[in-house]
Amino acid sequence: YLDETTKDEFILKNKLKFLRPYQLNALKAIQESAKNGNDRFLLEMATGTGKTLTSCAIMKMFLRSSNVKRVLFLVDRLELESQAYKQFTDVLKNDYITSVWKENKSDWRKAKIVVSTIQSLKSNNRYKKDFKSDDFDLVISDESHRSIGGQSRKVFEYFIGFKLGLTATPKDYLKSVDKTNLGSKDPRELERRELLDTYSTFGCESGNPTFRYSLLDGVKDGYLINPKVFDARTEITTQLLSDQGYLFTSLDDDGKDVDETFTQKDFEKKFFSEKTNEIFCKTFLQNAKKDPYTGEIGKTLIFCVSQKHAGKITQILNTIATKEYPGI
């Protein structure tokens, strides 16, 4: 684990010398938790604080021990698979071979670190057909708040050994829940909540992760900046966010009035508003930070309700951008 020699090696040998103090603290927290007999860990770190680089250091820490021979890094997006492979190779190439499983299905065993989308392993139960349960001694779930539900969880739980979850936004399905009361009334609902709860999955039933570094921590330490809020409310969103919700009136097939109330959780799931989405997109394009020389909009994360919603937002942005920036 992370003894003084290991720290010196981090500093001298490779890019892990650039670890920030809180990233080293994350390693120490996992080390301490493992010493206490735990085999599941959860890192709750704000977006932009370097979870992937921290993962590099954690993998090296475990691979240096006698307990871990090979690591599986699970993602739920092709883009994340490519990004993880690129960074692992860049940072750890002098020490370990990293492989993308779907590109090296025949010789993945030559690698110490195997990266894969969970969908690839889940398809046709490949995780059972191509792997033994002890092929990986450490399984890391990136964006673990969304990648361990349903069938994906079977993949995750199939492998024995250490389990590590990485997330900026854990799902707390047991917050303010009386587990004893719910368990007696509806044991299946309690089980469902426990299976989806990020903290329970990684052995942090108290609601406290193994290590937490929040947006506020990042701002205070000077690594992140506070977000600026721009008002893009519409009459519809104002009502959706209210206690009363948004009352939608329409006509049924017989021409009779039909009233239905929607709340914020229904937006883009049960209730669609093209105008509201357009206002969101226009507000973003008008206020987004731009490169002072090229005028290009900076790298941006846009959170959508679903893939369908993301497709709509992309279409609207492209339509507006074509008018605003002709010829680009």
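Reader: What angle do helix 13 (residues 274-287) and helix 14 (residues 307-324) make where they pack, and how far apart are their axes?

Author: In this predicted model, helix 13 and helix 14 pack at an angle of about 55°, and their axes are 10 Å apart.

Reader: Which residues make the contact between helix 13 and helix 14?

Author: On the side of helix 13 they are Glu-274, Asn-277, Glu-278, Cys-281, Lys-282, Phe-284 and Leu-285, and on the side of helix 14 they are His-309, Ile-313, Ile-316, Leu-317, Ile-320 and Ala-321. Divided by kind, the residues of this contact are 8 nonpolar, 2 polar and 3 charged.

Reader: What makes the length of helix 13 close to what is expected?

Author: Helix 13 has 14 residues and spans 20 Å from its first C-alpha to its last, which is close to the 20 Å expected at 1.5 Å a residue.

Reader: Which residues of helix 13 are buried, and against what do the buried residues pack?

Author: The buried residues of helix 13 are Thr-276, Asn-277, Cys-281, Thr-283 and Leu-285, and they pack against helix 12 (235-241) and helix 14.

Reader: What makes Gly-245 count as buried or exposed?

Author: Gly-245 has a relative accessible area of 10%, and the word buried is used under 20%, so Gly-245 is buried. This residue lies in the loop between helix 12 and strand 8 (246-251).

Reader: Which residues does Gly-245 touch, leaving out those up to four places away in sequence?

Author: With those left out, Gly-245 touches Gln-239, Leu-240, Thr-261 and Phe-262. Gly-245 and Gln-264 are 19 residues apart along the chain, and their C-alpha atoms are separated by 7.5 Å.

Reader: How do you know whether helix 3 is parallel, perpendicular or oblique to helix 4?

Author: Helix 3 (residues 51-63) and helix 4 (residues 78-92) pack at an angle of about 55°, with their axes 10 Å apart. Since roughly parallel needs an angle under 35 degrees and roughly perpendicular needs 65 to 115, helix 3 is called oblique to helix 4. Helix 3 passes helix 4 in a right-handed crossing. The contact involves Thr-52, Leu-53, Ser-55, Cys-56, Met-59 and Lys-60 of helix 3, together with Gln-87, Phe-88, Val-91 and Leu-92 of helix 4. These residues divide into 6 nonpolar, 3 polar and 1 charged.

Reader: How do you know whether Lys-51 is buried or exposed?

Author: Lys-51, which has its place in helix 3, has a relative accessible area of 12%. The limit for buried is under 20%, and therefore Lys-51 is buried. Not counting residues up to four places away in sequence, Lys-51 touches Met-45, Ala-46, Leu-166, Thr-167 and Ala-168.

Reader: What sets the phi of Asn-124 apart for a residue other than glycine?

Author: Phi of Asn-124 is near 55°, a positive value, and most residues other than glycine have a negative phi. Asn-125 has a positive phi as well, of about 55°, although it is not a glycine. Asn-124 is found in the loop between helix 5 (118-122) and helix 6 (126-130), and Asn-125 lies in the loop between helix 5 and helix 6.

Reader: What makes Arg-212 buried, partly exposed or exposed?

Author: Arg-212, in strand 7 (residues 211-213), has a relative accessible area of 35%. Arg-212 and Leu-42 are 170 residues apart in sequence and 8.5 Å apart in space, C-alpha to C-alpha.

Reader: What share of the whole protein is buried?

Author: Buried residues make up 41% of the 328 residues, in a protein whose secondary structure comes to 14 helices and 9 strands.

How values were computed
Residues numbered from 1 in each chain as written. Predicted model: local features only at pLDDT ≥ 70, side-chain atom pairs only at ≥ 80, totals over all residues. Heavy atoms only, no water. Axes fitted to C-alpha atoms, helices over the stretch in contact; angles between N-to-C directions. Helix = DSSP H or I, 4+ residues; strand = E, 2+ residues; numbered from the N terminus. Contact = heavy atoms within 4.5 Å. Nonpolar A, V, L, I, M, F, W, Y, C, P; charged D, E, K, R; others polar. Expected span 1.5 Å × (residues − 1). Buried < 20%, exposed > 50% of the residue type's maximum accessible area, 1.4 Å probe, protein only. Parallel < 35°, antiparallel > 145°, perpendicular 65-115°, else oblique. Left-handed = near helix turned anticlockwise from the far one by under 90°.
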